[in-house]
Amino acid sequence: MDYVIEVPKQVSLPVQGSAQHFPVARIFCVGRNYAEHAREMGHDPNREPPFFFMKPATAIVAGDGEFPYPSLSQDVHHELELVVALGKGGRQIAEADALSHVYGYAVGLDMTRRDLQGEAKKMGRPWDTGKAFDFSAPCSAIVPASSIGHPSKGAVVLEVNGEIRQRGDLQDLIWNIPETIAYLSTLFCLMPGDLIYSGTPAGVGPVKPGDVMKGSVEGVGHLLTKVV
Ligand code: MN
């Protein structure tokens, strides 16, 4: 095929223990998936159906690296999350079959312009400028499920400059990973390469240039991101 402009590069993530890469298709994010975080954002953590927003694949910062502080915001927040990487797609995926669609897992940051997101919420506008901006999705290497299994409990911890800011546990997800995949697949035909940011525990807060964020998900790995 001959194209009139240069073909955009395929965004990818390294795969731990391999020379091969994981190609990123789309990034789905689950909103308010830990009760404590729902409460800190002023919401009732009752088990309403999950809701989703998206980021473009181009928002990925692959592996440890730098997060450039974005323009037009004075309140940029960290949200540390377990990331699910799909190796198989499909629609109407059954909960019992959902984990067989997972290639692996990663540690990710759903960076958020909280001021712009707040304004959008107030005005009934979309969240894209608050959530889907450039470099808003730092993500570690993908760790294959074939080597770690499917974590359903374990600490999710974010330190900023050595001080713990967020702490949660995967077993406190309101919608667990099989439920999330099954629900999402009723809304979209999922594709191999899709990532799901599964939601963040309580403790979200602002960062500033110079801060070093160290995120970890027990049983999965670490992510080190510097705000520049
Ligand atoms: Mn999030």
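**Ground rules.** I number residues from 1 along each chain as its sequence is written, and side-chain values use heavy atoms, with hydrogens and water left out. Since the model is predicted, local features need pLDDT of at least 70 and side-chain atom pairs count only at pLDDT 80 or more, while totals for chains, interfaces and linings use all residues.

**Cavity.** I found 1 cavity of 30 Å³ or more. The largest cavity holds about 110 Å³, volume being the space filled by probe spheres set on the points. It is lined by 17 residues (an atom within 4 Å of a point). Closest to its centre are Gly-31, Arg-32, His-37, Glu-79 and Gln-117. I sorted this lining into 5 nonpolar, 5 polar and 7 charged residues; Asp, Glu, Lys and Arg count as charged, and Gly is among the polar ones.

**Pocket.** I then turned to open sets with protein on both sides within 12 Å along at least five of seven lines. The largest pocket has a volume of about 170 Å³. Of its 14 lining residues, Arg-32, Asp-44, Asn-46, Glu-48 and Phe-51 are the closest to its centre. By class I noted 7 nonpolar, 4 polar and 3 charged residues.

**Surface.** Met-1, Tyr-3 and Val-7 make a nonpolar patch of about 410 Å² (over 30% relative accessible area, no salt bridge, nonpolar side chains joined within 5 Å; areas by Shrake-Rupley with a 1.4 Å probe; a salt bridge is a Lys or Arg side-chain nitrogen within 4 Å of an Asp or Glu carboxyl oxygen).

Key. 1 Å grid on protein atoms, 1.4 Å probe; cavity = no way out; pocket = protein on both sides within 12 Å on 5 of 7 lines; lining within 4 Å. Patch = residues over 30% accessible without salt bridge, like charges linked within 9 Å, V, L, I, M, F, W, Y side chains within 5 Å.
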